[in-house]
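Here's a quick briefing for anyone opening this structure for the first time. Have a look at the sequence and the 3D view, then read on.

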Amino acid sequence: MNRFDVIVVGSGIVGLGAAYAAVRRGLRVAVVDRTEAPVGASIRNFGHLCIGAQTGEARRYADIARELWLRLSRDADFWLRPSGTLIAARHRDELEVLEAATRDGGELRMLEADELRGRAPLRADGLLGGALIPTDLQTNPRTAGVAIARHLATLGVDFRWRTAVTGVRSGVVETTRGTLTAAQIVLAVNHDIDQLLPELAAQRGVMRCALDMMRVAVSLPTPLSAPLLTGWSLVRYGRFAALPEIDAVRARLHAERPDLAAIDLNQMYTQLPDGTLIIGDSHVGAVQPDPFQSEVAFDAFLDEAQALFDMPRPRVLERWQGVYAKGPGDFLIEQIDDGVLALAATTGIGMTTGLGLAEDSLITAFGWESALEGTA
């Protein structure tokens, strides 16, 4: 009962992706997690699968993940929409970044201000135009992970909930409920990598990034048809942040709004099926972030939302702190022992890339076939 082909430690999106990759290949799989359901970074986000804003390795994982998200939404029966992503430009320098991004041969499409307002209920004042990234998807992070775990259980994955892992070595996972064995082990514990592998975390510079987010009730004249990014988002996402034109945007934003720069704002929005809006987010990096959340960031979120959208001030329903692994690179992929692989997205694109990161990394590390086939 405690012997498996593959053991996955962690039930976040990377861990679920690893379990999905393994069970589709006919392997006997266990997922071990100290909680009783996914509760970490994979449920505390926007549900925004921002494929088209990635470059390089991140884009490769995101493209793989996109196919897997579409398959899983059908098979596990959870809400996912091919929404694309909207980007609002309120300054000429932001338009110049978007125009430069269209010249790289990608899928970005420029939008006039009126067309953008037809897709998002934005105030006309100051809106110059924007863009659409058509490849992107949106899901509800609170229900997607739970649905995927439920689906994997029907495929035979053995979930060991409320079971903490105390040690890992080649072929063996020690837990608070006994010893498990497997030829292949995947550690997908995100920022808690420093709890199981403190030396690796220190060596790779992995710490935590804490972010403030909120969900609000809104009165919009029309629904928001897709996740919405702003100039503050452009300076964060790889496809735009790598362009020389982004320097002017960053300099202006920091000069005009040092208060928002101080909270490291990513001003973006997603609307859930119930009509409520997720807004945020701020960022602070630390080995152990302060658990006490200041109202400064939340006040800024509400002020900026009301200035951007054609609506009265939103009513706050929930506030929360998200935490994810932060490192000098986008990903941690480390074979720490024979048959033991540690995986993490070490920036805020885990939902976008996590399924692809797991799929691709297990193929490379364990010599599995590369075709995406056999999905149940």
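What follows is a short tour, from the overall fold down to single residues.

Keep in mind that this is a predicted model. The protein chain has 13 helices and 20 strands, and buried residues make up 56% of its 376 residues. A search of the whole structure turns up 33 salt bridges and one cavity of 30 Å³ or more.

**Overall shape**

- A compact globule with 376 residues would have a radius of gyration near 21 Å, and the protein chain agrees with that, since its own value is 21 Å.
- Taken along the principal axes, the C-alpha atoms of the chain fill a box of roughly 65 × 40 × 40 Å.
- Looking at contacts with a separation of 6 or more, 74% of them link residues 24 or more positions apart.

**Salt bridges**

- Start with Glu67 and Arg71, which form a salt bridge whose closest N and O atoms are 2.6 Å apart.
- Why are these two about one helical turn apart? They sit four residues apart in helix H2, which covers residues 56-76.
- An α-helix has 3.6 residues a turn, so residues three or four places apart point the same way.
- Glu67 is partly exposed, at 31% relative accessible area, whereas Arg71 counts as buried because its relative accessibility is 19%, and the cut-off for buried is under 20%.
- Another salt bridge joins the side chains of Arg74 and Asp75, at 2.7 Å from N to O.
- Arg74 is exposed, with 57% relative accessibility, while Asp75 is partly exposed at 23%.
- Asp310 and Arg123 form a salt bridge too, and their closest N and O atoms are 3.9 Å apart.
- Asp310 lies in the loop between helix H12 (295-308) and strand S18 (315-326), and Arg123 in the loop between helix H4 (113-119) and strand S7 (129-133), so this pair ties together parts that are 187 residues apart in sequence.
- Which residues do salt bridges with shared partners join into one network? They are Arg24, Arg25, Glu359 and Glu369.

**The cavity**

- Rolling a probe the size of a water molecule over the atoms shows where empty space is left.
- Here, the largest cavity has a volume of about 40 Å³.
- Its lining is made up of Leu265, Gln267, Tyr269, Ile279, Gly280, Ala300, Phe301 and Glu304.
- Strand S16 (277-280) and H12 each supply at least two of the lining residues.
- Which element gives the largest share of the lining? That's H12, with three residues.
- By type, the lining divides into five nonpolar residues, two polar and one charged.

**Helix H3 and its neighbours**

- Helix H3 runs over residues 92-102, and its buried residues are Asp93, Glu94, Leu95, Val97, Leu98, Ala100 and Ala101.
- What do those buried residues of H3 pack against? On the strand side of the list are S5 (85-89), S6 (109-112) and S7.
- The helices they pack against are H8 (231-234), H9 (238-241) and H10 (246-256).

- Ala358 is found in helix H13, which spans residues 350-366.
- Is Ala358 buried or exposed? It's buried, with a relative accessible area of 0%.
- Leaving aside neighbours within four places in sequence, Ala358 is in contact with Val14, Gly17, Ala18 and Leu343.
- Val14 is 344 residues away from Ala358 along the chain, yet the C-alpha atoms of the two are separated by 5.8 Å.
- His151 is part of helix H5, residues 141-154, and counts as buried at 10% relative accessibility.
- His151 and Asp77 are 74 residues apart along the chain, with 8.6 Å between their C-alpha atoms.

Note on methods:
Residues numbered from 1 in each chain as written. Predicted model: local features only at pLDDT ≥ 70, side-chain atom pairs only at ≥ 80, totals over all residues. Heavy atoms only, no water. Salt bridge = Lys/Arg side-chain N within 4 Å of Asp/Glu carboxyl O. Buried < 20%, exposed > 50% of the residue type's maximum accessible area, 1.4 Å probe, protein only. 1 Å grid on protein atoms, 1.4 Å probe; cavity = no way out; pocket = protein on both sides within 12 Å on 5 of 7 lines; lining within 4 Å. Points joined across faces, edges and corners; volume = space filled by probe spheres on them. Nonpolar A, V, L, I, M, F, W, Y, C, P; charged D, E, K, R; others polar. Rg over C-alpha atoms; globule rule 2.2 N^0.38 Å. Contact = heavy atoms within 4.5 Å.
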